Amino acid sequence: MKRRKFIRNLALTTSALTFISYLDLLANSLAGKVKITNVQCVLTKIGFRVSPLVKITTDVGLVGIGECHHDENGYGAKDIIQNVCKPILMGNDPLDLEYLIFKMSTRTSYFGGNHGIATHAITGVEFALWDLIGKITEQPVHKILGGGKHVSEVRAYASSGPKNMLDMDSCIEFAELMKGQGWTACKTNILRDQDWSKLNNRRLSNPEVDRNAKGYANMREALGSDFDIAVHCHWELDFDSALRLANGVAPIRPIWMEDPLPIAYNEQWIKLTERSPVPILTGENLYTRDDFRPFIVNQGLNLIEIDVSMAGGLLEAKKIADLAELYYIPVCTHNVAGPIATIASASFAASVREFVAHEAFIANPINRNGKGINGDPDILGYDKDMIKNGHIQLSDRPGFGISLNEKLIQEKYLIDGESWWD
């Protein structure tokens, strides 16, 4: 009896049934026979930022689709994909993922030391490779990553808030929207005298602390005790201001206070985490295991938040989550990319045992009305609603389950001057 037949028969007659999906990967007739023949990138604006889309073509007709994390206009990521990543990928087997990621990361190290636009580009390519791997093996990506048949959806939180959290009627209106659409959690920006994107200093005045305490208390009253509220700080405070804010919002028992201190790790993160009466979370601006490692091993936070599109892709995010689990630190996902990267990110989230919630933007009127998240969901050609009762739905179709609506993208979302791929 041939080895493969023996193993498959064994799986059918023992408790090894749970491993059938992995055995199917070995048995698939295309495994090891697929070569990459083309890599293309086109700039679109599906969500509220430019989304560089990646298409990887193979010699067997299968195509993988990915999406890069944004830069200002997408040209940086597109340049790296076309001129650095493509020559490395051509003629290679998509299943050699770790090897290909290593080659691209090494080749682009002088574009920013495995940070920034180079990593954004590689991540978009990695998503497309994963989509291909799923199609080659005839499996959904979330199952290949370890999610299993018991995972069909991922809890999300709405990155949104009342029009005016100091006004109770506005908070009640927001609560009706959240609960009417089935959300169980939201993340709301703190109130400041200065806009977070135009900071003059990192000091939070006592009146600002008091306004935030009042505003979040209004939200808690309107939303109820069973609804999770995250306090969003945009890495804009110093230690003293962050601690005073934490004490101010502590009565509402937020699920976390996000990015209270500047991005880089230092010992202030440990001190704040130890003294804060509310859980501290950070991670959306961190790249790869190297950036996350000091926060995790030194316990400079209570929860981590991985932006999969920024941190280095699904493979890297899994490694970060595994490190966090060793220290009993739960995982969340930050995500400001469009629908394709959102589905990719949710596929990772499905494989994390201690997963808490996945970010979902609903500022777009389409999304505010309860249809999709982070942009127009109709571009996906998805076989189910993208969001349902505050949970991102996962497809059981191969890859990411996406059948890209190219006609819709060309008509509505293609950046001026861009030519559609072949």
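## Helix 9: an enclosed helix

A residue counts as buried when its relative accessible area is under 20%. By that cut-off, eight of the eleven residues of helix 9 (residues 239–249) are buried, so the helix is largely enclosed by the rest of the structure. The model discussed here is predicted. The buried residues of helix 9 are F239, S241, A242, L243, L245, A246, G248 and V249.

## Confidence

The protein chain has an average pLDDT of 90. A score of at least 70 is reached by 92% of the residues. Residues 1–23 are another matter: pLDDT stays under 50 there. For this stretch the model has 18 contacts beyond four places in sequence. Where pLDDT is low, the predicted coordinates should not be read in detail.

## Helix 8 against helix 9

Two packed helices are described by the angle between their axes and the distance between the axes. For helix 8 and helix 9, the axes come within 8 Å and cross at roughly 30°. Angles under 35 degrees count as roughly parallel, so helix 8 is roughly parallel to helix 9. The crossing of the pair is right-handed.

Helix 8 brings N206, V209, N212, A213 and Y216 to the contact. Helix 9 brings R244, L245, G248 and V249. By class, the contact has five nonpolar, three polar and one charged residues. L245, G248 and V249 are also among the buried residues of helix 9.

## Helix 4 against helix 5

Which way do helix 4 and helix 5 run relative to each other? The axes of helix 4 (residues 97–107) and helix 5 (residues 116–137) cross at roughly 165°. Angles over 145 degrees count as roughly antiparallel, and therefore helix 4 and helix 5 are roughly antiparallel to each other. Their axes come within 11 Å. This crossing, too, is right-handed.

On the helix 4 side, the contact is made by L97, L100, I101, M104 and S105. On the helix 5 side, I122, V125, E126, L129, W130 and I133 take part. The contact of helix 4 with helix 5 has nine nonpolar residues, with one polar and one charged.

## Buried positions in loops and a helix

D307 lies in the loop between strand 9 (303–306) and helix 12 (308–311). Is D307 buried or exposed? With a relative accessible area of 0%, D307 is buried. Not counting residues up to four places away in sequence, D307 touches H69, E284, H334, N335 and V336. D307 and E359 are 52 residues apart in sequence, and their C-alpha atoms are 9.3 Å apart in space.

A337 sits in the loop between strand 10 (331–333) and helix 14 (339–349). A337 is buried as well, at a relative accessible area of 7%. Leaving aside neighbours within four places in sequence, A337 is in contact with E67, S309, T342 and N374. From A337 to D385 the chain runs 48 residues, and the C-alpha to C-alpha separation is 18 Å. T288 is in helix 11 (residues 288–297). Its relative accessibility is 14%, so T288 counts as buried. Beyond four places in sequence, T288 is in contact with N114, A311, E316 and I320.

## Exposed loops and positive phi

R253 is in the loop between helix 9 and strand 7. Its relative accessible area is 65%, so R253 is exposed. Phi of R253 is near 50°, a positive value in a residue other than glycine. N389 also has a positive phi, of about 50°, although N389 is not a glycine. N389 is in the loop between strand 12 (387–388) and strand 13 (391–393).

R353 is found in the loop between helix 14 and strand 11 (355–361). R353 is exposed, with a relative accessible area of 64%. R353 and G381 are 28 residues apart along the chain, and their C-alpha atoms are separated by 29 Å.

Technical notes:
Residues numbered from 1 in each chain as written. Predicted model: local features only at pLDDT ≥ 70, side-chain atom pairs only at ≥ 80, totals over all residues. Heavy atoms only, no water. pLDDT = per-residue confidence, 0-100. Contact = heavy atoms within 4.5 Å. Axes fitted to C-alpha atoms, helices over the stretch in contact; angles between N-to-C directions. Helix = DSSP H or I, 4+ residues; strand = E, 2+ residues; numbered from the N terminus. Parallel < 35°, antiparallel > 145°, perpendicular 65-115°, else oblique. Left-handed = near helix turned anticlockwise from the far one by under 90°. Nonpolar A, V, L, I, M, F, W, Y, C, P; charged D, E, K, R; others polar. Buried < 20%, exposed > 50% of the residue type's maximum accessible area, 1.4 Å probe, protein only.
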